[in-house]
Structure formats: structure tokens, C-alpha cells
Amino acid sequence: MTAKLKEIIAQAIYVDRDMIPPTPCIQIQGRTVATPGNFITINGLPKQYKSTIMQFFIASALTGIPYHGIQLEPVQDKNICIIDTEQGVYDFHKQQYRLKNLISETKTPENLKCYLFRRYDPQVILQAIESILTDDKPKYLFIDNLTELVINANDIEESKKVVQLLKKWTDTFDTTIINLLHLGRSNLNTLGHLGAFADRAAQSALKVSVDKNTEIVTLEPSLMRSDKWFSNIHIQYDEETRQWYQAEVVKKETTSKKFNIEELSGGEHYNRLDAIFKGNPLKYSELTELVRQYYGIGANIAKQKVIPYLLQYKYILQLDRGIYSLNYKHNERPTI
């Protein structure tokens, strides 16, 4: 065993001691979304206002004020960095102009560092991000869009490498990374292996969508590892005042909708199952109770519908003696 390996094992071993819970740095409606040294994902279809939601995060970090229930710990004397990989120059500048209006400033705050890397290959962007983290030491790093950090989002090795970098960066620089990530139009899952790996490693995963008829934008949780789920946030843009307001969404008739497992995507199943198993096998009684909690259903539905469904489509595997585990085979989501 090499000295380096010994050092790694010594750092990795569990030490039985009291720890003070970390202070949340990102909260929504008082729920913990992120703590320092972690990353989250904000997912949605292209052109679904993910960047707008990102601006509320940034504005709260700069001002200390909550925006539509979104509150970040203020940066104070630290930096915020934005890594944009998609927009053209004009749209990029227009986005920063809107942010200045949002926080009622005429100039971009000095501790907000905005970088546009649209023209560069993924490897160059990854090297640049590491250099920016080293030099700027940001409290928050926003990556818009994570998909552009790989050549092929379905390449297992390349996707795993990028997610490992996210883990390394958050740990090394004690920064919180907020990743924007596209959903696929065909299945509404985050794109490819990159999306699957990122969601599994994220402290929280949030989803942004827009109603085409009402133009109401909705932010909802799809994974919360550190707290209970917050209520969906609905906002709408007013053309006259040029501001975003909380929108009222009229609930449909009170007749309760029956639980339909077919309506959940593969990504939504894996988000729940990752939180249920946490890398450990479970007894049937433990699995039943956790499925009941994370799917929001009764015990009978968990036993009669959900667990048999998860076994049939090989989301989970039954081991010997009534023990169950999450199926990590090939790190792929089953096709339904």
C-alpha cells in the first residue's frame, strides 16, 4: 500500500464524534436545499426560464433578501461566479442587465464575476472553471449549462468524470455549485448519463416548467436529501411593471386523483430510490415504509403496486433472504 493510498483511507474512515449540523446556504420556504460544499441541479426543458430562476438565487445571495421564497446566505465579502456556456454575447449582456434591475443597481456588483465560454470546447471550460475557483474563491458558482461541459452526455466515462469534478470542486473549495441542466423532450429525464449521475450526486434537484397557456412558471422539488419538500412556487411576469409576481394557480376539482405510477419518469423513480436506499440494502419492512414516505402513498399501495412495479422493471433487485437493493447496473435508467 502506497503512502498516498494510506492517506486517502485515513481521510475517508468514519470517526465517531459529535458534529454541528452545517448552516444551510440555500433555503426555499425555509427548507434546506443546499449546505456549503455541495451542489444542486435546476432542471427543465430548453427555454423554460431556468436562467430566470437562477437570477433569483443570485439576487438573494447579493442582497440577503428572499425572492419568491428563495433565500441564499449573503456572500458578504466573497464572490459569486457565473459560468455561461450557451448564450450569445448580446443575450449574455442582456441577462446581466436584467439582474441589475432585479437588485436595483446600475452597475454589476464587483463581487459578481460573469464568464461566457460559448466558443470553447468542454475540456477548456473545465480547466477554466478550476482556475476561476482557485483565483476567485466564490461562495457560489453557477454553471449554465452543465450539458456543455461534455461532448456526449450519454458517454458514461465522460459524464462520470464531470460529476466527480463537481464533487472535488465543492469539497476542495468549500463552494456551493448550482448547475442548470436540460431535460429531454421525449422522456422529461435529465439528459443522458450526465443528467442521471448529476441528479444522484446532488444534494437537491429542482425542476422548472412553464404553462404555455397561462405563462406561469413553476419551480418544484424533485429531490430533497436534507429536508422535507417545499411547496411548488408559481410566478408570472407582468409586462407593464416588468416584474415577476407570485401567481395563483387554481386547483382543479377536489376529486382526489388516484396514484398512477406510470406517470412517473425513470429519473423521478431514481431520485426517490437514491434517497430511500442511500447505497445500502434494505429489509422488506424498511423498504415498504420508505417507499410509502417518499412516494406519498399508503402502505397497501406500496406493497401491492409500487414495489412489484419497481421489481418488474428492475429499478430494484431482490437479494437473498428478503433483502432488496437499488439496481445500479450500467448506471442506466430502465426503459419503460
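Both faces of strand 8 are covered. Thr176, Ile178, Leu180 and His182 are buried on one side, and Ile177, Asn179 and Leu181 are buried on the other. Buried means under 20% relative accessible area, exposed over 50%, and partly exposed in between (1.4 Å probe, protein chains only). The model is predicted: local features need pLDDT of at least 70, side-chain atom pairs count only at pLDDT 80 or more, and totals for chains, interfaces and linings use all residues. Residues are numbered from 1 along each chain as its sequence is written, and side-chain values use heavy atoms, with hydrogens and water left out.

**Strand 8 and its partners**

- Strand 8 spans residues 176-182, and seven of its seven residues are buried.
- In a regular strand, side chains alternate between the two faces of the sheet.
- Strand 3 and strand 8 run parallel, joined by six bridges. Two strands pair if DSSP finds at least two bridges between them.
- Asn43 stands opposite Leu181 of strand 8.
- Strand 7 and strand 8 also run parallel, with four bridges.
- Facing residues in strand 8 are Ile178 for Phe142 and Thr176 for Tyr140.

**Strand 7 and the crossover**

- Strand 7 (residues 138-144) has seven of its seven residues buried.
- Six bridges tie strand 7 to strand 5 (residues 79-84) in parallel. Asn79 stands opposite Pro138 of strand 7.
- Strand 7, helix 5 (residues 156-173) and strand 8 form a right-handed β-α-β unit. Right-handed means that, with the strands pointing away from the viewer, the path from the first strand over the helix to the second runs clockwise.
- Helices (H or I, at least four residues) and strands (E, at least two) are DSSP runs, numbered from the N terminus.

- Nine strands make an open sheet of mixed pairing, in the order 6-5-7-8-3-9-10-11-12.
- Strand 6 (112-116) and strand 12 (243-246) are the edges; each has a single partner strand, so one side of each lacks a neighbour in the sheet.
- The twist averages 20° from one strand to the next. Axes are lines fitted to C-alpha atoms, for helices over the stretch in contact, and angles run from 0 to 180 degrees between N-to-C directions.
- Strand 3 (residues 39-44) and strand 9 (residues 204-210) run parallel through four bridges. Gly44 has Val208 as its bridge partner in strand 9.

**Helix 1**

- Ile8 lies in helix 1 (residues 3-12).
- Ile8 counts as partly exposed because its relative accessibility is 43%.
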